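Hi everyone, thanks for making time for this. Could we put the model up on the screen, please, and then walk through it together?

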Amino acid sequence: MTLGAVADDLTGAIDLATNLANRGFRTIVTIGVPTSEPRPDTDAIVAALKTRAIDPDDAVADSLHAVDALKRLGCRRFYVKYCSTFDSTARGNIGPISEAVCARTGAGSAVVVPAFPAAGRTVYQGRLFVHDKLLHESHMKDHPLNPMRESDVISLLQEQSSRPVGAVRHATVHAGPARIRAALDAETASGACLVVVDAVTNDDLESIARATDNDVVVTGGSGLATGLIGPHIDDPRNVRSSGQAGPPRAIIIGSVSETSRTQTEHARTHLPWRELDVTAVLNQPERHVAAVADWAQEQWNNEPARPVLVSSGQVHSHDPRVSGVVEQANAALAVELARRGARQFIIGGGETSGAVVNALGIRQLAIGPELAPGVAWSSGPAGPDSPVGDATYDVVLKSGNFGDPDLFTAAWDQIT
């Protein structure tokens, strides 16, 4: 075991694990704090937590609990993974978690690298861009939980950090690993614990990874992992195959992001689809879930291998009660569909992904074929608490903003 990671949500964990697998790390994702020994050939464990939007003290406690568990399993190097759009408030949780992990592991400092150029996230002169827009001009400016009204990562991070925040600008990054290392050491000597490093290309990420290959802790989005070199970088088995589950198949979408809406609209022209009726979900959730599951069964009776699509696209309310009820309805639907034989799922949205995986009783996932930057098939067995019994599932757990427009139809070609 070489690497342990803590991620602030489940789809973020899959995002990181996908990049690690592609770089030669045989990687598993645990749902929550890891509690059991991984399979012997594992190189990296990513603990999928739920720390993005909770109280900073609780987020720190959960993260340190996971780090302690990873240390007991043999991890000696640690990766703090957060959203590449730096989704946070003035209180955290990125700064408090990163500082606490540095303290717990004895790291003097850690880089802060939100950039993921393959997904359109870059950092230049300390400012975070989403494609061609500054963060505060992007869709994140109106995020329902954490509206982002500032693009300067150093300013954002300083508000939530107890020590000075350093910076390494792009001219230094472009000069290569040795110059980056010298700049990082200088920032650490001046008292910085966290150092924001510019990156606008994959080459930049590789240089940063080389400059920090002896650091105990690194932090960032999943992009930095694309510059790492794992133990099996030249071994074609480094990306594990998915499980042997077959149809019936289902797509459950809880995200209302622009990307997810585009993907859903594309899939509707190719697949049988249905929307959750929010009024019915609020008033008679069990009855409505059963009716949707009956509809899915009818589709499978006609074409067993054809996926069905169920979306929550009409849910635009930021009312936590409404979104919470719909999230639980999606989880209950996944269980109903699993009872009817479904073993392959595409799940859209971070909160929905977490709810579905927990409802099915999946506790560990091995990363399989990549579908897009940050998106992959993964495979895992249900635990003893699964309401469906002993089963292995193939799942795509997709962040709302990731993937190509045809993802919901093209993904199945990777496992057939």
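Let's begin with a pair of residues: Tyr 79 stands opposite Val 218 in β11. When I say strand, I mean a DSSP run of E with at least two residues; a helix is a run of H or I with at least four, and both are numbered from the N terminus. Two strands count as paired if DSSP finds at least two bridges between them. As a reminder, strands of a sheet pair through backbone hydrogen bonds, either parallel or antiparallel.

β11 has another partner too: two bridges join β5, residues 110-113, to β11, again parallel. There, Val 112 stands opposite Thr 219.

So what covers the faces of β11, or rather, are they buried or exposed? Both are covered: Val 217 and Thr 219 on one side, and Val 218 and Gly 220 on the other, are all buried. Buried means under 20% relative accessible area, exposed means over 50%, and partly exposed is in between, using a 1.4 Å probe and protein chains only.

A quick word on where this comes from. This is a predicted model, where local features need pLDDT of at least 70 and side-chain atom pairs count only at pLDDT 80 or more, while totals for chains, interfaces and linings use all residues. Residues are numbered from 1 along each chain as its sequence is written, and side-chain values use heavy atoms, with hydrogens and water left out.

Next, please find β18, residues 392-398. Six of its seven residues are buried. β15, residues 344-348, pairs with β18 in the parallel sense over five bridges, and Gly 348 stands opposite Lys 398. β17, residues 375-381, is joined to β18 by five bridges as well, but runs antiparallel; here Ser 379 has Asp 394 as its bridge partner.

There is also an open sheet of three strands, in the order β6-β7-β8, with antiparallel pairing. Its edge strands are β6 (121-124) and β8 (133-134), each pairing on one side only. Two bridges join β7, residues 127-130, to β8, and Phe 129 has Leu 134 as its bridge partner.

Asp 8 sits between β1 (3-7) and α1 (10-22). Is Asp 8 buried or exposed? It is buried, with a relative accessible area of 7%. Leaving out residues up to four places away in sequence, Asp 8 touches Leu 49, Lys 50, Thr 51, Arg 52, Lys 81, Tyr 82 and Cys 83, where a contact means heavy atoms within 4.5 Å. Asp 8 and Leu 49 are 41 residues apart in sequence, yet 5.2 Å apart in space, C-alpha to C-alpha.

Finally, let's zoom out. The protein chain has 13 helices and 18 strands. Its radius of gyration is 21 Å, close to the 22 Å that the globule rule gives for 416 residues, so the chain is as compact as a globular protein of that length. That radius is taken over C-alpha atoms, and the rule is 2.2 Å times the number of residues to the power 0.38. Of the 416 residues, 58% count as buried. Among contacts with a separation of 6 or more, 74% come from residues 24 or more positions apart.

Thanks, and I'm happy to take questions!
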